[in-house]
There are 2 protein chains.
Amino acid sequence: MTEDTDDKATDGKALTRRALLVGLGAAGGAGAMYAAMGALGLAPDRQADDYTPPQRSDFTLRGRGAASVVILGAGVAGLAVAYELGKAGYDCTILEARDRIGGRSLTIRGGDRLPELSGETQQARFGEGIYFNAGPARIAQWMLTLDYCRELGVPIEPFVNDNASAYVYNTGMKAPVRARTARADIYGYVSELLAKATNAGALDRRLTPGDKELLLDFLSEFGDIGKSYTYDGSERRGYRVEPGVSAPVPLGPPPPLQEVLRYGLGRTIAFPFGYEQAMPMFQPVGGMDSLARRLADAVGRDKIRTSVEVKKITNLPDGVQIEHTGGSTKAQYCVAAMPPHILARIPGNLGTQVVSALATPKPVSGGKIGLEYRRRWWETDDRIYGGITETDMDISHIWYPSYGFHGSRGLVVGYYNLGDDADAYARLTHAERESRALRQGVRIHGDKYRTELLSSVSIAWRRQPHIEGAWVSWPSFEAPFRLLQQPAGRVYFAGDWLTHLIAWQAGALESARKVVTQLHTRVVKEN
Amino acid sequence: MTEDTDDKATDGKALTRRALLVGLGAAGGAGAMYAAMGALGLAPDRQADDYTPPQRSDFTLRGRGAASVVILGAGVAGLAVAYELGKAGYDCTILEARDRIGGRSLTIRGGDRLPELSGETQQARFGEGIYFNAGPARIAQWMLTLDYCRELGVPIEPFVNDNASAYVYNTGMKAPVRARTARADIYGYVSELLAKATNAGALDRRLTPGDKELLLDFLSEFGDIGKSYTYDGSERRGYRVEPGVSAPVPLGPPPPLQEVLRYGLGRTIAFPFGYEQAMPMFQPVGGMDSLARRLADAVGRDKIRTSVEVKKITNLPDGVQIEHTGGSTKAQYCVAAMPPHILARIPGNLGTQVVSALATPKPVSGGKIGLEYRRRWWETDDRIYGGITETDMDISHIWYPSYGFHGSRGLVVGYYNLGDDADAYARLTHAERESRALRQGVRIHGDKYRTELLSSVSIAWRRQPHIEGAWVSWPSFEAPFRLLQQPAGRVYFAGDWLTHLIAWQAGALESARKVVTQLHTRVVKEN
């Protein structure tokens, strides 16, 4: 049975991750990628593995490469490069400036220290089992990240990215409103307005009578407006008394249309419609850094040197020389998997065009705070199990945890903000950040938001040593972006910043696969 | 710390499950229930428990009752009655006609036998770790079921009730379409139509210029139609080539409005807007019967007698006499927690009015099939991790599992249908049901839907001995429903069918709490 399973998983016809995303039955569409891999001799072999998980990936470098490679950065991109090259026989060394692996894939647990460039160092006091994903925290179903979780046996669980019971609290609102209530109201009114316009003949030039009937049927259900085409509330809003032995009592009539329009719900409601954010999403069990850790284990911890800062990168005719903390390392090739704005500052001979390209994308500010509570009041009192409260206050979001349901303590993300809001928090001490986040959270959840707090840790990504940004933003995906897809001599570049999946681990993994393919093709050709 | 937590959980102010559902800060609203409990002496005491979980419930019978109670039926209602009465000191005995506890809360695993009234008996051949929730399978955040999971230490995990990557396949469609694509298209067109009607002045009598602007802002984001107010596709539809190192290539232009209207999306799209079905939902880890099992353990397995069919129920002046398989049992009180249509057939002296009331609700047909596959092709090939494909074929739904992600085998629910569709499948042999379900599934997923199958089990609830229905439907919640909320002599009635949460375990639990409160009040008063 198991061999059979694996056989199928590695059968050419099953190499269909992308192909099947294209559409039903379009397996032939594996097209470009598979053909390219075949041409490179990269098509997966059929060697049977043992019982799954972990399962084989749809990516394998065919043939062996004996070259030595020095990889700069033990973030997800660097680790994945070492992992894939290692499978093909390369001798890899990773140099990491920080004292831990994972880069921005950073999960903070009790006892962890978090220094900032400002000089302040926080020490996490979280209890057993509590963790804070300070960087990436969710994975979409279609992302390569899940393939690596599968391949490496990193268990996953759903991440609640949208919760009908969470709140929306924007400036236009008198008080926080449950997402379900806000949605029911705006969908109800939108349906009513369109149904009435339709019935009044306003769309007669666009719609046949048959179309109008189908549209009205849709609106009737979409807005729960029945056949009166008037929105006067819906059980979808929620109940004042829930259904039980007694009949439920609805929440009451909705606010007037004008008030609901002032809520400013567009962004909030559309958020989970995005291809990257649609439900369900996933997370590794036990913390996002599980993937980086498992990659590091697979690479071999002895091949990773932490607290080693790169001082100079020199392309030589036969290799690359890296000067770094405590010495220098020479290898036949180098993969620089560091943030581009940091890399741009490192002396060497990459050339002015390359350095200028590296300096083109600009770091983006982002910050989060993890608030540890002594009890899970959002579950017991508010009946919110995971998900996100959305607000236009400068905390932007409150995330409720998608793990540890019904446990004793729990960790809420008290802000996750970007740009100016993140900069404003970054300028504060940790104590001030906590205080500001609590003040806003209290407006949504009341005093318990402050009184039940046990401890907290905040991160300001622009102030993280050797990272200095949540991610980067390119002015365009033109010449500089394209230039860095090619090696500068024997130095290759990898990272989410070299993809159209910036800020996602999947970007780092896509880039890693592209770079190892490029490098391996060269090595195979030169040997 | 822990004592502190528990203190809070049992503090009067924290008795707020329902209160907080009423709305923010409306804790005073606990009103009716809490006042009633206080009057009955049921307010929770402050005795400190050990480390959580399990955590104390917000429900406790205060004071002890030494009466004996015979409970008919070891479904969730009967078990919860015995559990709550047991905590207050009652001597409970449960008689269960089936050979296992749980009633409709039935999880089928490898080795389980499933007899049907038709005479056919299926034997499940599922592999290790594979289970099939043949009855209830999901829990909403607000439901009492979660409180019992918390109290009893039954671990929970998210149940994916809606997946943007699953398919919709209705008669009006040429081929299955991803839910995300269908939603993007109908939201896009609805937004375009309403925006154009608004701009054409069709809503001028209803909307001020300021309202119009707010509405257009909303529609721009809701439908992803920008400021042209024209829907010509959206990245929300999905990609032909996903974002990676290369730029993504969108799926292409949407079908014309007329085609999208013919999809008949109203019901499908509105389904997760319902109060009972909104995401996220939850399931017990390892199978829905975990709750019933844990309740049975807490009650004491020695107090539960299975394969004991009730033959006669007699109210006596000082108790209730139950004649049953192998003898008779007398107790001071009885709680009949059986399906009403079965109970109505049992001889005794409940009286014609009560028997007529019991015969009033009609059983509803429902069926499911669990299809075990040798590999999780929906994850690897289709990138669907849990969730539901919706169709208007007679299978109605295909459920992908919300457990065992990335494992080897997996179990898909190949149909979950009601009414006439369920009756049609019920009339078939299991082999015929499987064959019919596969034929339809192949239209959505292709041949692998058939070729990767390992085994299956189907259930037709109308044909389940001693149950004979998925749930019941009342013509109205009037006199007969109200009559059965009161005891007939010393016989009380409990079950989801006596609530406004029919077909949900939460209904059984709500009913159980109400009955034990009623019974205990009487016992305390009479002593």
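A salt bridge here is a side-chain nitrogen of Lys or Arg within 4 Å of a carboxyl oxygen of Asp or Glu. This is a predicted model, where local features need pLDDT of at least 70, side-chain atom pairs count only at pLDDT 80 or more, and totals for chains, interfaces and linings use all residues. Residues are numbered from 1 along each chain as its sequence is written, chains are lettered from A in the order in which they are written, and side-chain values use heavy atoms, without hydrogens and water.

**View 1. Salt bridges between chain B and chain A.** Four salt bridges are counted between the two chains. One of them joins the side chains of B:E192 and A:R206, at 2.6 Å from N to O. Helix α6 (residues 179–199) of chain B gives the largest share of the side that touches chain A, nine residues. Helices are DSSP runs (H or I, at least four residues), and strands are DSSP runs too (E, at least two), both numbered from the N terminus.

**View 2. The interface of chain B and chain A.** In chain B, 107 residues are in contact (heavy atoms within 4.5 Å) with 107 residues of chain A. The two chains bury about 9,600 Å² between them, 65% of it on carbon and sulfur atoms. Buried area is the accessible area (1.4 Å probe) lost on putting two parts together, summed over both.

**View 3. A hairpin in chain B.** Strands β15 (residues 310–316) and β16 (residues 319–324) of chain B pair in the antiparallel sense over six bridges. Pairing requires at least two DSSP bridges. Two residues form the hairpin link from β15(B) to β16(B). B:T314 stands opposite B:Q321 in β16(B).
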